[in-house]
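This briefing concerns a predicted model.

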Amino acid sequence: MRMLTGARRPRPAEPQPPPGPGTDPAACSADPAADPADPGAATADRLAAAMVYGLTAEAVTWPKPGLVTAVSPGCHRDMDVYTLLRSSATLQPHFRTAVVFGLRRGAAAPAARDFAELRDAGRRAEHSMLTTTGGTNTHRGALFLGMLLCCAAGIEHAAGRPLEAEAVCRTAQEVGRDALRADLAAAATGPSSVGLRAYAVHGLPGVRGEVLRGWPSLLGHGLPTLRTALGAGRPLREAIADTVLALMTVVEDTTVLNRGFALERLDTTRRQASAALAAGGTATRRGRRLVGRMARRLEQRQISPGGSADLAAMAVALHTWQTRPETPAPRKGDRRAPAPA
Ligand SMILES: CC(C)(COP(=O)(O)OP(=O)(O)OC[C@H]1O[C@@H](n2cnc3c(N)ncnc32)[C@H](O[C@H]2O[C@H](COP(=O)(O)OP(=O)(O)OP(=O)(O)O)[C@@H](O)[C@H]2O)[C@@H]1O)[C@@H](O)C(=O)NCCC(=O)NCCS
Ligand SMILES: Nc1ncnc2[nH]cnc12
């Protein structure tokens, strides 16, 4: 949530759980942990833990203009890095539930049939997140994207395929396709939300578009930037920071538009991120100077590119799934003292 200038934001009402079969996903009957002989239990644990690792690695990374980092709340007043860490931990059993959906049903049923059930589980996860954070929207996008990818990873695993990022994303696209298209088709007339209004006003499909179009920002920009930076031996923190910047150059982030739905805010963000990356991103002095300038400008204008943060977390999770189950070790250069964000 962005800081409100002037009026104080009224405290949100205590979030109520959406209707559904219980609110504890770990207690769901499809839980493979109920059968200790089921090897799926370990897979579900491992994949969900790596997804949470993606969220926490993104949260602590700096610099990230406008966003919460370990050294700055960016333009936020009602969340900091600890809020994000608490929120991430709360989501782990929900990601696990999504993997279990994929493991149990994915190989047998058409992928799209899982979506309605998954969406209900996602709404319960949203409720947990809001309860944990006292009503702050910390991870709505990451939760949606992460549960889809976890389900897809379960499907891929059940089919005996390796967790290759492009294939997992393709499966996630299939899982969400029909329902997300239906959401957009009803945008002008159905129940409203920030994302659906952005589509009705500007034709921007936002987080739904990222999935429906085959994850172009993640696969075309975020993940390649992360892979290239790590492949070149760059410190993990800088690799993730540049991944966020690369995403900011392309993501149709409805969080950036703000309530006025001003496209100019998106253009400004993209232009500044492109200039910083063209100057070398966090690898060069000039790039870091431009990132610092961008941070000051976004904070002045209360612009928080939350969608890019969410997609960067997905890039880290996919990379971790694909390369190794355990978390990447810190590299030498990561020990540097925090630069002012
Ligand atoms: C499909 C839904 C998740 C879509 O919900 P909605 O129609 O409301 O769509 P958006 O609001 O447009 O998007 C939801 C969040 O997704 C992030 N996001 C936005 N654009 C993109 C993009 N192009 N690509 C990827 N991700 C994107 C963004 O999340 C981040 O920003 C949040 C903080 O925003 P902030 O403005 O500070 O706070 P707000 O309270 O929202 O605003 P203010 O009041 O302060 O002005 C932070 O959470 C980041 O995560 C968007 O917020 C949903 O409807 C749905 O189906 N949910 C089902 C449950 C589910 O997840 N199921 C699981 C899998 S099926
Ligand atoms: N680092 C971050 N700052 C603000 N919103 C976010 N949503 C997810 N990660 C975020």
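**Helix packing and local features**

Helix α5 passes α8 in a right-handed crossing.

**α5 and α8**

- The axes of α5 and α8 (residues 216-231) come within 12 Å and cross at roughly 150 degrees.
- Because angles over 145 degrees count as roughly antiparallel, α5 is roughly antiparallel to α8.
- On the α5 side the contact is made by A165, E166 and C169, and on the α8 side by L218, L219, L223 and R227.
- Sorted by class, this contact has five nonpolar and two charged residues, with no polar ones.

**α3 and α5**

- For helix α3 (residues 115-133) and helix α5 (residues 165-185), the axes come within 9 Å, and the crossing angle is roughly 75 degrees.
- How are α3 and α5 oriented to each other? The range of 65 to 115 degrees counts as roughly perpendicular, and α3 and α5 are therefore roughly perpendicular to each other.
- F115, L118 and R119 of α3 make the contact with V175, G176, A179, L180 and D183 of α5.
- The contact of α3 with α5 has five nonpolar residues, one polar residue and two charged residues.

**Helix α12**

- Helix α12 covers residues 285-300, which makes 16 residues.
- From its first C-alpha to its last, α12 reaches 23 Å, close to the 22 Å expected at 1.5 Å a residue.
- Which residues of α12 are buried? They are G287, L290, V291, G292, M294, A295 and L298.
- An α-helix has 3.6 residues a turn, so residues three or four places apart point the same way.
- The cover over the buried residues of α12 includes α9 (236-248) and α11 (263-278).
- Just after α12, Q302 takes a positive phi of about 55 degrees.

- H139 lies in the loop between α3 and α4 (140-158).
- Is H139 buried or exposed? Its relative accessibility is 2%, and since buried means under 20%, H139 counts as buried.
- Leaving aside residues up to four places away in sequence, H139 touches L55, L84, S87, S88, L91, M129 and D310.

Notes. Residues numbered from 1 in each chain as written. Chains lettered and ligands numbered in written order. Predicted model: local features only at pLDDT ≥ 70, side-chain atom pairs only at ≥ 80, totals over all residues. Heavy atoms only, no water. Helix = DSSP H or I, 4+ residues; strand = E, 2+ residues; numbered from the N terminus. Expected span 1.5 Å × (residues − 1). Buried < 20%, exposed > 50% of the residue type's maximum accessible area, 1.4 Å probe, protein only. Contact = heavy atoms within 4.5 Å. Axes fitted to C-alpha atoms, helices over the stretch in contact; angles between N-to-C directions. Parallel < 35°, antiparallel > 145°, perpendicular 65-115°, else oblique. Nonpolar A, V, L, I, M, F, W, Y, C, P; charged D, E, K, R; others polar. Left-handed = near helix turned anticlockwise from the far one by under 90°.
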